[in-house]
Amino acid sequence: MLIRVAQVKDIETLFDIRTSVTENYQSREEIAALGITPESLAEMLATDCRAWIAEHDRQPVGFAIANATAATIFGIFVRPAFEGKGIGRSLMQAAETWLWSQGIEEIWLLTGNDPTLRAYGFYQHLGWTLTEVIAEGDYAGEARFIKRRQQHDLAG
């Protein structure tokens with residue numbers, strides 16, 4: 001498996017992976033309604049975001065994207081056929097390491113507030129702490145997790 005930094009030329013691949021998932025599925029139209037389009041993603045990658053693509057036998061099978069200004073993991077997705085193979089963990093490690101390298105002490109992410117969701121347990125397993133359930137707004141009902149930089153992360 002190879003983890004590499006995504007480039008603007010990879011944007012369609014990111015959308016392809018994002019719309020391949022079964023849990024937390026969203027169509028291109030639903031994603032666009034949230035303001036996430038190829039154009040907005042290109043702008044994000046050109047400014048304060050970085051994305052990584054996981055490749056297995058040269059096939060893109062997952063990605064993560066992080067935003068340094070917001071100190072957040074914006075998204076992490078793995079094609080269903082490749083779940084449970086450590087790809088998500090490797091992508092999360094790349095994103096966390098990059099955020100720590102930006103001098104950020106605490107990062108956060110949002111996910112569905114349902115302990116039966118794979119993502120919910122995945123984040124807890126990787127040391128993320130549930131801090132709240134968003135009460136109102138566009139993300140009402142979503143679970144907010146945080147992670148603080150540990151002393152051993154300072155070397156990264």
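Tutor: Start with the pairing. In this predicted model, β3 and β4 run antiparallel and are joined by six bridges. Together they form a hairpin, with four residues between the strands. Ala71 sits in that turn and has a positive phi of about 55 degrees. Further along, Phe63 has Phe77 of β4 as its bridge partner.

Now look at β4 itself. Six of its seven residues are buried, so the strand is mostly covered, buried meaning under 20% relative accessible area. Thr72 lies in this strand. Its relative accessible area is 6%, so Thr72 counts as buried. Beyond its neighbours within four places in sequence, Thr72 is in contact with Ala66, Asn67, Leu99, Trp108 and Leu109.

Next comes Ile73. Leaving out residues up to four places away in sequence, Ile73 touches Ile65, Ala66, Met92, Ala95, Glu96, Leu99, Trp108, Leu109 and Trp128.

Then turn to the cores. The largest nonpolar core has 28 residues. Ile73 is among those that touch the most other members, along with Trp52, Leu91, Met92, Leu99 and Trp128. β4 (72-78) is one of the elements giving two or more residues to this core; the others are β2 (49-56), β3 (59-67), α4 (87-101), β5 (106-112), α5 (118-125) and β7 (142-148). α4 gives the most, with eight residues.

Note on methods: Residues are numbered from 1 along each chain as its sequence is written. This is a predicted model: local features need pLDDT of at least 70, side-chain atom pairs count only at pLDDT 80 or more; totals for chains, interfaces and linings use all residues. Side-chain values use heavy atoms; hydrogens and water are left out. A nonpolar core is a set of buried Ala, Val, Leu, Ile, Met, Phe, Trp, Tyr and Cys residues joined through side-chain atoms within 4.5 Å. Buried means under 20% relative accessible area, exposed over 50%, partly exposed in between (1.4 Å probe, protein chains only). Contact means heavy atoms within 4.5 Å. Two strands pair if DSSP finds at least two bridges between them.
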